[in-house]
Amino acid sequence: MDFLEVIQACRRRWYVVVPLFLITAVTSVVLYVSVKPVYYSNAVLTIVPPSTPSAVNNGLLQIGGSGVLANMAVIAFQDPSVKSAVRADGGNDDFVVRMFPIDFTNANAANQLPLIMIEATEPSPELAKKTAQLAAAQTDRVLRDLQQQAAVPSEAMVKALLITSPEPLRGLPSRKKSTVTIFIVGLCLSVLAGVGADFFAARRRLRRGESQATATEGESHGAGDRSEIEPQTT
């Protein structure tokens with residue numbers, strides 16, 4: 001079946017194709033307009049070594065500087081206890097913690113910029129800001145636990161310094177891709193339904209024609225047989 005035959009089949013079965021197409025169009029529009037805005041908030045922190053000479057007693061700093069500690073803190077944020085603490089204080093535990101995106105073509109970039117970025121995307125600006133703030137507040141605890149495990153003296157421990165305040169920004173989730181996908185799938189199903197309905201209608205007509213032809217042929221044979229056996233009268 002070529003494209004022209006598909007078009008003709010859809011024209012003949014418009015009462016199947018059109019309603020399905022309208023349902024698809026309405027569904028796509030409803031999906032597009034029903035997407036609710038979300039609010040994004042992020043906090044950026046840096047690692048601050050102690051200002052006293054006792055920093056030389058911090059073995060973690062000696063390994064690779066503040067950048068290593070920042071990377072270790074990002075990994076330690078995956079601890080369930082950290083997320084539980086944020087959730088217990090009224091935030092959500094779906095926040096994301098990662099190293100601040102920088103130009104890694106510079107070999108010393110990680111050491112120069114030991115930055116941690118905490119991101120929260122929530123349905124309300126208040127929740128987004130609160131989640132980012134609560135997660136940022138856990139950074140000192142995470143750093144302290146790491147350094148205690150390494151037996152770093154308290155006076156030599158690094159701390160976190162908040163650089164940017166997590167002010168929420170409004171945005172809309174991507175909706176074009178899902179809307180277009182639903183529309184295309186619905187359009188294809190509408191066309192297939194029309195072609196299928198036309199095919200089965202043609203099959204029914206063919207079977208009906210064959211049945212009628214068989215019945216007519218049977219009647220003709222029956223009439224011929226009767227004429228052969230009827231006695232001749234004089």
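Colleague: Let's start with isoleucine 118. Which residues does isoleucine 118 touch, leaving out those up to four places away in sequence?

Modeller: Bear in mind that this is a predicted model. In it, isoleucine 118 touches Ser41, Asn42, Ala43, Leu45, Phe77, Phe95, Val96, Val97, Ala132, Ala135, Ala136 and Thr139, once residues up to four places away in sequence are set aside. Each of those counts as a touch because heavy atoms come within 4.5 Å.

Colleague: What makes Ile118 stand out in the largest nonpolar core?

Modeller: That core has 25 residues, and Ile118 is among those that touch the most other members, along with Phe77, Phe95, Val97 and Ile116. Two or more residues each come from strand S1 (38–48), helix H3 (59–64), helix H4 (66–76), helix H5 (80–88), strand S2 (96–99), strand S3 (115–122), helix H7 (125–137) and helix H8 (139–149). H4 gives the most, with four residues. There is also a second, separate core of five residues, which includes Val6, Cys10, Val17 and Val195. As a general matter, nonpolar side chains tend to be buried together in soluble globular proteins.

Colleague: How many helices and strands does the protein chain have?

Modeller: The protein chain has nine helices and five strands. Along the sequence they run α-α-β-α-α-α-β-α-β-α-α-β-β-α. Of the 234 residues, 31% are buried. And of the contacts between residues at least 6 apart in sequence, 78% join residues at least 24 apart.

Colleague: How many aromatic pairs does the structure hold?

Modeller: Four aromatic pairs turn up. One of them joins tryptophan 14 and tyrosine 15, with 6.0 Å centre to centre and 80° between the planes. Another is formed by phenylalanine 77 and phenylalanine 95, at 6.4 Å centre to centre and 85° between the planes.

Colleague: What makes the pair of phenylalanine 77 and phenylalanine 95 edge-to-face?

Modeller: Two checks. Ring centres must lie within 6.5 Å, and 6.4 Å passes, so the rings pair. Planes over 60 degrees apart count as edge-to-face, and at 85° that is the name they get. Phenylalanine 77 sits in the loop between H4 and H5 and phenylalanine 95 in the loop between H5 and S2, so the pair ties together parts 18 residues apart in sequence.

Colleague: And tryptophan 14: is it buried or exposed?

Modeller: Exposed takes over 50%, and tryptophan 14 has 53%, so it is exposed. Tyrosine 15 has 45%, which lies between the 20% and 50% cut-offs, so tyrosine 15 is called partly exposed.

Colleague: How do you know how many disulfides there are?

Modeller: Two cysteine sulfur atoms would have to lie within 2.5 Å, and a search of the whole structure finds zero disulfides. Cysteine 10 is at 14%, under the 20% cut-off, so it counts as buried. Cysteine 188, at 41%, falls between 20% and 50% and is therefore partly exposed.

Colleague: What polar contact does the side chain of aspartate 198 make?

Modeller: The side chain of aspartate 198 meets the side chain of arginine 13 at 3.1 Å. A polar contact needs N or O atoms within 3.5 Å, so that distance qualifies. Aspartate 198 lies in helix H9 (residues 176–229) and is buried, with a relative accessible area of 8%. Apart from neighbours within four places in sequence, aspartate 198 is in contact with Ala9, Arg12 and Arg13.

Conventions. Residues numbered from 1 in each chain as written. Predicted model: local features only at pLDDT ≥ 70, side-chain atom pairs only at ≥ 80, totals over all residues. Heavy atoms only, no water. Core = buried A, V, L, I, M, F, W, Y, C linked by side-chain atoms within 4.5 Å. Buried < 20%, exposed > 50% of the residue type's maximum accessible area, 1.4 Å probe, protein only. Polar contact = N/O pair within 3.5 Å; in protein donor to acceptor, adjacent residues only side chain to side chain. Phe/Tyr/Trp six-rings, centres within 6.5 Å; stacked < 30°, edge-to-face > 60°.
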